[in-house]
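Open the model in your viewer and keep the sequence panel beside it. The stops below are given in the order in which to select them.

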Amino acid sequence: MSDEESTEYYTLICDDPSHEVVLVDCGAREMDVVLAVRKVTGQSLWHSRDLARQAPVTLLGGLSAYRAQSAVAVFQSTGAKAEWRQEPEPGERAAPSP
């Protein structure tokens, strides 16, 4: 590229940023949470149990805000603590969790 050429990047306002679902804490009803993880992710029962026990863990990514909120509601109905958040843009570093 020469000095006169430059690259410009634009974020379209209509773009819905992708979101991720994080299981923060499994809670007291571990088996219910494992079944919810299996239902939402489609993983095997064994893998779902491993994921639930690794909390805090990101379970899903690349979701719309509506789908992320729906998944979090499934986990919260089992007594687990879950949250959805906007995924960082490529090249952005996520802030460390407190």
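Start by selecting Val72, which at 5% relative accessibility counts as buried; buried means under 20% relative accessible area, exposed over 50%, and partly exposed in between, with a 1.4 Å probe and protein chains only. This is a predicted model, in which local features need pLDDT of at least 70 and side-chain atom pairs count only at pLDDT 80 or more, while totals for chains, interfaces and linings use all residues. Residues are numbered from 1 along each chain as its sequence is written, and side-chain values use heavy atoms, with hydrogens and water left out.

Val72 is found in helix H3. Helices (H or I, at least four residues) and strands (E, at least two) are DSSP runs, numbered from the N terminus. Show the contacts of Val72, where contact means heavy atoms within 4.5 Å: leaving aside residues up to four places away in sequence, Val72 touches Val21, Ala82, Glu83 and Trp84. From Val72 to Ala82 the C-alpha distance is 5.7 Å, with ten residues of separation in sequence.

Next select helix H1, residues 30–41. Its twelve residues should span 16 Å at 1.5 Å a residue, and its end C-alpha atoms are 16 Å apart, which agrees; the expected span is 1.5 Å times one less than the number of residues. Colour Val33, Val34, Ala36, Val37 and Thr41, the buried residues of H1. Seen down the axis of H1, they fall within an arc of 160°, so they line one face of the helix; the arc is that of the directions from the helix axis to the C-beta atoms. These residues pack against strand E1 (19–25), helix H2 (45–53), strand E2 (57–63) and helix H3 (65–76).

The axes of H1 and H3 come within 9 Å and cross at roughly 160°; axes are lines fitted to C-alpha atoms, for helices over the stretch in contact, and angles run from 0 to 180 degrees between N-to-C directions. The two helices are therefore roughly antiparallel to each other, the term for angles over 145 degrees. Ala36, Val37 and Val40 of H1 meet Ala71, Val74 and Phe75 of H3 in this contact.

The axes of H1 and H2 come within 8 Å and cross at roughly 115°. Residues making the contact include Met31 and Leu35 of H1 and Leu45 and Leu51 of H2.

Finish with two backbone details. Gly42, which follows H1, has a positive phi near 80°. Pro56 is found in the loop between H2 and E2, and the peptide bond from Ala55 to Pro56 is cis, with omega near 5°.

How values were computed: Parallel < 35°, antiparallel > 145°, perpendicular 65-115°, else oblique.
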